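This explanation leads the reader through selected features of one structure.

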Amino acid sequence: MSFLLFSIGVQYLGIDLGSEYLKMAESTILGEPKMKFNPNGKNFRGAVAARKIKFVNEYNSTEYLSSAEVRFGNAALKTLKAHPEFGHEYLARAFGRSNSTFHSSSVFSPYESMKLLLQDVSNTFTYEPDVIFAVPFYWTSIMRQEIASAANNAGMKVLHIVDDKDAVASHYGAINYQKYNANPRNVLFVDIGSTSVKAYGYVFSNRGNYSFANETGTSWSETTGSYYFTKGISAARKISMKKATAFFAEKQPSQYFDNISEPVHEMINVVSQAAEQMKNYLQQHKGSGNSGEIDEIQVFGGSSRISFFNKLITKATGCKNVLHEFNPNEAIAKGIIYLRQMIDGSLTCPTLHVDQHPSSSIFVESGGKTDLYCRSGSSCSSPVRLYNVPNTTEFLYVAVTSDDLPEGAANVQYIIRYSNYSNATDISDKSFIEVHLKVPSTEVQGLRYCTNNTHCVPIYGTVIPVSPSQQPLHSNFTDAFIESKKFVKVQRSEVLKVETMVNQIYSDIQKKLSEKGLNEESVPVEVFSTLKKYMKMVEEGSLNNLSLEQLKDAQTDLKINSKHLLEAVEKLKGKKSKKSDKSKQQTDDIFNDLKNDLDDEKDL
């Protein structure tokens, strides 16, 4: 029964895909999300490295596969310190990008490293959850598709990819809904990470049984964060990054402030821009009970505890109510679970509806003609019309404007090759291609060629897959390595089933024997032999040497043997215990004593 309750309670796993760490939370039967850690009780470090390149390069058999150890987390960091080309230290910052400051590996592409990492993470699961990733809100649709693909290939069942800002808003709504129960609450969130700083605002309000979070604007930068602060100190003082990290954490800001001027300026720009957007929004949307000012600033993220950040944020926003109500490493991960539970309607707090705005401007282009589909911070509008497109045009593209792209990310998100547009006639200033998109995604759902507003015919075409961000370097090895680890996970699960059966059968037999006042020696040796054999294998750990077929056979043997054992014990005659003989003697003594008293009364 306890296993059944656990299975029902834990069904979602949220993964916050940070540049340094994968922070995970899981749903529970009580509703409160619970953080999930690696076997050492810490967040999963997003680092991957090959121990020896030779075995990866020369992979052609299972022999090389077993020799080519892949390291993860802190073990990978030790390898990467001497050989950065062996893998990735800041994997999420290299993933989904054709080039990046954090591209280092000549062994694995970022996609291959991500598959290896996620497979290693999934091997720690004792159940098969529905996985929901939270990624930076400015990630493109292609980057999101690639993370879903990597996770699926690693054996995870991906349910959704959500924006990190939506997860944070849901977390705030789940634990702080009483703050805006009577009047709206204007909250600016600042996420200070290792290789990025993000800021975004929401106006939270309550109407009956529903709560709303209306977005006021977003701002972000991937050239500020603790990594860049440490890098500035390291370069200025000519010390290692490790020593610079300690210096940054331990010393007073006045001792290193001049060394980090560039990332500090960038951080000020991010925070002040988001604050200005919120103030403008509040001026344009004045409502009853709204203060019209930023009511509070919630600061979180792995680097949010640095002392002078509060002063920086206060000066950049004019708001002194700077709070740290979230655990800095749990805000997004737990928010993912709250977001999903609100969709399911399984929380006792009011359901929060998050008003989403596109984080990037997206345009449609064909034959040199363009039209804006989504405006960053505003909305997306479909259909889009492209006027006077030459009938010699072969392709249509949906792309993100370069100013809104993360470093190294591709701008083209969707491509269609026309099949019959060359048949279009009457091309003029009034004719147009009408593009219907699946709002707010970059997916095209339909095309028409119109000579005017009333006469239109369908355009047919073929979707051309967008090239991956980076070509694989050793796909044969990574695929084989992942499959081997999947097998290990399945085998471990079957070993656990056998161990559980052995322990349960032995416990049941001991209970039955105890009830009859017997012990193991009372059971015929030949009946007990099968269970004893597997008990010995459990003790020695030799079950791990069995194949999947042998483990399945072991489970069948134990089921049959369990039945025979219980039948044999049932047929055994129990022994009368000394306790029962003593009890009978006491009864007889009381009976005789009572009889003597009655005889005495009779004589009187």
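The link between Cys450 and Cys456 is right-handed, with 110° about the S-S bond. The model under discussion is predicted. In it, the sulfur atoms of Cys450 and Cys456 lie 2.0 Å apart and form a disulfide. A disulfide is a covalent bond between the sulfur atoms of two cysteines. The two partners can be described by their accessibility. Cys450 has a relative accessibility of 0% and therefore counts as buried, the category that applies under 20%. Cys456, at 22% relative accessibility, counts as partly exposed, because buried residues must fall under 20% and exposed ones over 50%.

How many disulfides does a search of the whole structure find? The search returns two. Besides the link already described, Cys374 is joined to Cys380, with an S to S distance of 2.0 Å. This link is right-handed, with 110° about the S-S bond. Both Cys374 and Cys380 are buried. When the bonded cysteines of the chain are numbered in sequence order, the pairing reads 1-2, 3-4. Two further cysteines may be considered for their accessibility. Cys319 has a relative accessible area of 7% and is therefore buried. Cys349 is likewise buried, with a relative accessible area of 9%.

The discussion now turns to helix packing. Two packed helices are described by the angle between their axes and the distance between the axes. Helix α11, residues 261-284, packs with helix α12, residues 308-317, at an angle of about 45°, and their axes are 8 Å apart. The two helices, α11 and α12, are therefore oblique to each other, since an angle under 35 degrees would be needed for roughly parallel and one of 65 to 115 for roughly perpendicular. The crossing in which α11 passes α12 is right-handed. On the α11 side, the contact involves Val264, Met267, Ile268, Val271, Ser272, Ala275 and Lys279, which meet Phe308, Phe309, Leu312, Ile313, Ala316 and Thr317 of α12.

From α15, the contact draws on Val527, Phe528, Thr530, Leu531 and Tyr534, while α16 contributes Ala554, Asp557, Leu558, Asn561, His564, Leu565 and Ala568. The residues of the contact of α15 with α16 divide into eight nonpolar, three polar and one charged.

Tyr397 belongs to strand β19, which covers residues 395-400. Is Tyr397 buried, exposed or partly exposed? Its relative accessibility is 27%, so Tyr397 counts as partly exposed. Which residues does Tyr397 contact, leaving aside its neighbours within four places in sequence? They are Phe363, Val364, Glu365, Val412, Tyr414 and Ile415. Ser366 is 31 residues from Tyr397 along the chain, and the C-alpha atoms of Tyr397 and Ser366 are separated by 6.3 Å.

Definitions and conventions: Residues numbered from 1 in each chain as written. Predicted model: local features only at pLDDT ≥ 70, side-chain atom pairs only at ≥ 80, totals over all residues. Heavy atoms only, no water. Disulfide = S-S within 2.5 Å. Buried < 20%, exposed > 50% of the residue type's maximum accessible area, 1.4 Å probe, protein only. Axes fitted to C-alpha atoms, helices over the stretch in contact; angles between N-to-C directions. Helix = DSSP H or I, 4+ residues; strand = E, 2+ residues; numbered from the N terminus. Parallel < 35°, antiparallel > 145°, perpendicular 65-115°, else oblique. Left-handed = near helix turned anticlockwise from the far one by under 90°. Contact = heavy atoms within 4.5 Å. Nonpolar A, V, L, I, M, F, W, Y, C, P; charged D, E, K, R; others polar.
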